[in-house]
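Colleague: I'm new to reading protein models. Could you walk me through a few features, one at a time?

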Amino acid sequence: MSPSAPVITSASGWTAKSWGILLTASLVVGLDALDVSMVGIALPSIQDELGLSTSALQWIVSGYVLSYGGLLLLGGRAADLLGRRRVFLTAVAVFALASMVGGMVDSGALLIATRILKGVAAAFTAPAALSIITTTFAEGPARNKALGIFSVFGASGYSAGLVLSGVLTEVGWRWTFFLPVPIAFVAWVAASRLLPKDGPRPAGGYDLPGAITSVAGMLLLVYTVVEAPEAGWAAPSTLIQFALAAALLIAFVAIERRSKHPLVRLGILRSGALARANLGISVFFGGYIGFQFVVMLYLQSVLEWSALQTALGFLPAAVIVAFGSPRMDRLVARVGTARTIAGGVIAHLLAYVLFLVVDRDAPYVAGVLPSMVLLGIGFTLAFASFNIQATAGIPDHEQGLAGGLLNTSTQVGGAVGLAIVTAVLTAGGEGKTGSDALLAGFTPALIAVTVLSALGLLIALSGVLGRRAATEPAEEPAFVLVD
């Protein structure tokens with residue numbers, strides 16, 4: 001940050017400008033969440049109007065999260081080198097433009113293309129926003145409180161998106177693409193007035209080969225997983241695509257080891273807490289995004305709920321997160337991030353198991369609401385804790401990298417988890433069409449979600465049961481970064 005933006009070390013030192021900076025950066029996170037939840041509710045309407053298959057439909061979600069996750073590290077590097085303010089303003093403007101175009105297209109392929117462009121924009125906005133916060137508020141109680149507010153904007157954006165999408169989809173799904181435009185404009189104006197000007201650019205460069213190989217490898221991996229049920233898991237084309245994806249990802253690691261300016265300085269992963277946070281959040285979010293995709297389709301296509309009913313059905317989870325996230329700093333200070341993360345993962349696992357075994361004819365209060373309450377509790381406990389765990393002990397000049405790395409793990413985990421669940425859903429409904437296919441694949445898909453969550457629990461428990469986690473303080477202790 002520039003000298004005009006002093007680091008805030010305590011709650012008593014917060015000024016009107018520091019609040020403005022925090023709220024502006026958080027608004028963009030809320031916008032991202034708003035966009036994701038609105039698209040989720042609108043998927044069945046988009047599928048009907050544009051005639052998309054289930055596997056093609058998932059690319060409206062995956063196209064966004066993969067380009068988002070695949071380029072986050074480059075976005076974090078760009079924020080550190082070009083300046084957080086400059087990157088933030090440019091990316092928000094591109095996001096608004098892509099939203100406008102997405103609401104006007106009549107082709108599934110073009111719609112997916114606009115979603116990919118929005119993901120690219122978010123990949124540069126998110127790490128810039130997170131590093132703006134972590135360099136404005138010092139590590140400790142001030143930063144924990146700021147990150148709690150940062151998280152609550154995500155929850156509030158998601159809950160607002162659910163309600164607005166339910167209403168707007170009844171009018172026309174295109175309005176769910178138009179709505180983010182004025183919000184992005186407000187964020188851009190606020191940022192242009194509040195964010196301090198960027199200082200001199202530090203020396204450094206960009207790792208474009210690393211960005212290309214990582215994005216290409218992840219896109220190919222997700223594409224192969226989604227298409228494998230139709231082509232055959234043992235088909236030559238499937239095996240070749242898996243091999244190419246693996247080769248691209250291995251090439252990415254090799255490039256990072258040799259690059260003068262790597263996207264990921266691999267030494268940063270030597271921290272057990274940082275590595276555990278990134279791996280844990282990828283599985284955590286992957287299970288949830290797969291659950292959301294399957295259940296939203298099921299409620300609207302099989303149970304014939306309206307878009308508004310579906311939105312309100314998911315709303316309790318988001319309300320719980322919005323209420324609980326600002327209070328998480330106190331709980332983390334008392335029990336540590338490893339335990340709060342484990343509690344959140346357990347809550348999600350219970351939510352999926354309940355939804356799997358409940359009577360499908362049960363009323364909402366007995367059949368759906370308990371899972372939604374547990375999902376809200378899980379996100380409240382885990383999400384802010386993952387952010388605290390992953391960014392603690394990181395020097396200011398690498399906060400963009402740390403934020404980008406965590407968000408990359410989140411989005412890539414979401415894309416891979418969704419691809420796995422979609423593949424299981426498609427395979428389970430093979431030979432059937434329409435709602436019959438969805439109904440046949442529903443239970444296997446939920447089992448896949450539950451297995452992913454169980455894997456996440458093993459990762460979380462490794463933090464609780466490990467020797468270091470046994471004495472973990474409120475924040476992860478600083479550690480020496482080794483190349």
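This is a predicted model: local features need pLDDT of at least 70, side-chain atom pairs count only at pLDDT 80 or more; totals for chains, interfaces and linings use all residues.

Colleague: What does Glu49 form a salt bridge with?

Modeller: The general idea is that a side-chain nitrogen of Lys or Arg has to lie within 4 Å of a carboxyl oxygen of Asp or Glu. Here the partner of Glu49 is Arg174, with the closest N and O atoms 3.2 Å apart. That pair links distant parts of the chain: Glu49 sits in helix α1, Arg174 in the loop between α5 and α6, and they are 125 residues apart.

Colleague: Is Arg174 buried or exposed?

Modeller: Buried means under 20% relative accessible area. Arg174 comes in at 18% relative accessibility, so it counts as buried.

Colleague: Which Asp side chain meets Arg174 in a salt bridge?

Modeller: That's Asp106, at 2.5 Å from N to O. Asp106 lies in the loop between α3 and α4, while Arg174 is in the loop between α5 and α6, so this pair ties together parts 68 residues apart in sequence. Asp106 has 61% relative accessibility, so it counts as exposed.

Colleague: How many salt bridges does a search of the whole structure find?

Modeller: It finds 4. One of them joins Lys118 to Asp35, with the closest N and O atoms 2.5 Å apart. Lys118 is in helix α4 and Asp35 in helix α1, so parts 83 residues apart in sequence get tied together. Both of these residues are buried. Salt bridges can also share partners, and that joins Asp35, Arg115 and Lys118 into one network.

Colleague: Okay, on to helices. How do I check the span of α15?

Modeller: Count 1.5 Å a residue. Helix α15 covers residues 369-391, which is 23 residues, so it should span 33 Å; its end C-alpha atoms are 34 Å apart, which agrees. Look along α15 and you'll find a bend of about 25° at Phe379.

Colleague: Why is α15 called largely enclosed by the rest of the structure?

Modeller: Because 18 of its 23 residues are buried.

Colleague: Last one: which residues form a nonpolar patch on the surface?

Modeller: The general idea is to look for nonpolar side chains within 5 Å of one another, each residue having over 30% relative accessible area. Here they are Leu97, Met100, Val101 and Met104, with about 360 Å² of accessible area together. Met104 is in the loop between α3 and α4.

Methods: Residues are numbered from 1 along each chain as its sequence is written. Side-chain values use heavy atoms; hydrogens and water are left out. Patches are made of residues with over 30% relative accessible area and no salt bridge: like charges are joined within 9 Å, nonpolar side chains (Val, Leu, Ile, Met, Phe, Trp, Tyr) within 5 Å. Accessible areas come from the Shrake-Rupley method with a 1.4 Å probe; for residues, only the protein chains shown count as cover. Helices (H or I, at least four residues) and strands (E, at least two) are DSSP runs, numbered from the N terminus. The expected span of a helix is 1.5 Å times one less than its number of residues. The bend at a residue is the angle between axes fitted to the seven residues ending there and the seven starting there. Buried means under 20% relative accessible area, exposed over 50%, partly exposed in between (1.4 Å probe, protein chains only).
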